[in-house]
Amino acid sequence: MKLALNRRTDLALLALRQLSLQDEPLGGGALAEAIGTTVSFLPQVMAPLIKGGWVASDRGPGGGYRLTGEARNAHLLSVIEATEGPAEDGRCVMRDGPCPGNPSCPIHAVWMEARQVLMDGFQGIPAFLATEGSTR
């Protein structure tokens, strides 16, 4: 059973949080340092946020990364799905594969209910607040 987010998702959430604290665009070097990654890895972190319409990247003097107006609408689940792919409804935690939907599975009903609660919870958390209180 895998209930962990990948490193890129963690960094994307940290980037949203960091950008929410800025009044001006933040250059790539400064953002990479603030979230604890390298300048060379930062584009991989930022690409899904830009594609999602939550972050804009401006080139040139005075450029950098900044939140868009849409960023306030980004929720934890949407950022997770943007960075890790769609949440799979039919994933079996016992087999780490497609759920056969077998009613005799001892945890099927409990897992599906818990999964729905988790997805609903993720949908209710604004993405830029997801790392609030982080020690970074």
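Select strand β1 (residues 55-58) together with strand β2 (residues 64-67) in this predicted model: the two strands run antiparallel and are joined by four bridges, where pairing requires that DSSP find at least two bridges between strands, and a strand is a DSSP run of E with at least two residues, numbered, like the helices (H or I, at least four residues), from the N terminus. Within this pair, pick Val55, which stands opposite Leu67 in β2, and then move to the hairpin of β1 and β2, where five residues lie between the strands and Gly60 takes a positive phi near 90°.

Residues are numbered from 1 along each chain as its sequence is written. Local features need pLDDT of at least 70 and side-chain atom pairs pLDDT 80 or more, whereas totals for chains, interfaces and linings use all residues, and side-chain values use heavy atoms, with hydrogens and water left out.

Next, select helix α4 (residues 76-84) and helix α5 (residues 108-123), whose axes come within 6 Å and cross at roughly 105°, the axes being lines fitted to C-alpha atoms over the stretch in contact, with angles from 0 to 180 degrees between N-to-C directions. Show the side chains of Leu76, Leu77 and Ile80 in α4, which meet Met119, Phe122 and Gln123 in α5, contact meaning heavy atoms within 4.5 Å.

Finally, go to Ser20 in helix α1 (residues 7-20), which counts as buried because its relative accessibility is 18%, under the 20% limit used with a 1.4 Å probe and protein chains only. The side chain of Ser20 reaches the backbone oxygen of Arg17 at 2.7 Å.

Note on methods: Buried < 20%, exposed > 50% of the residue type's maximum accessible area, 1.4 Å probe, protein only. Polar contact = N/O pair within 3.5 Å; in protein donor to acceptor, adjacent residues only side chain to side chain.
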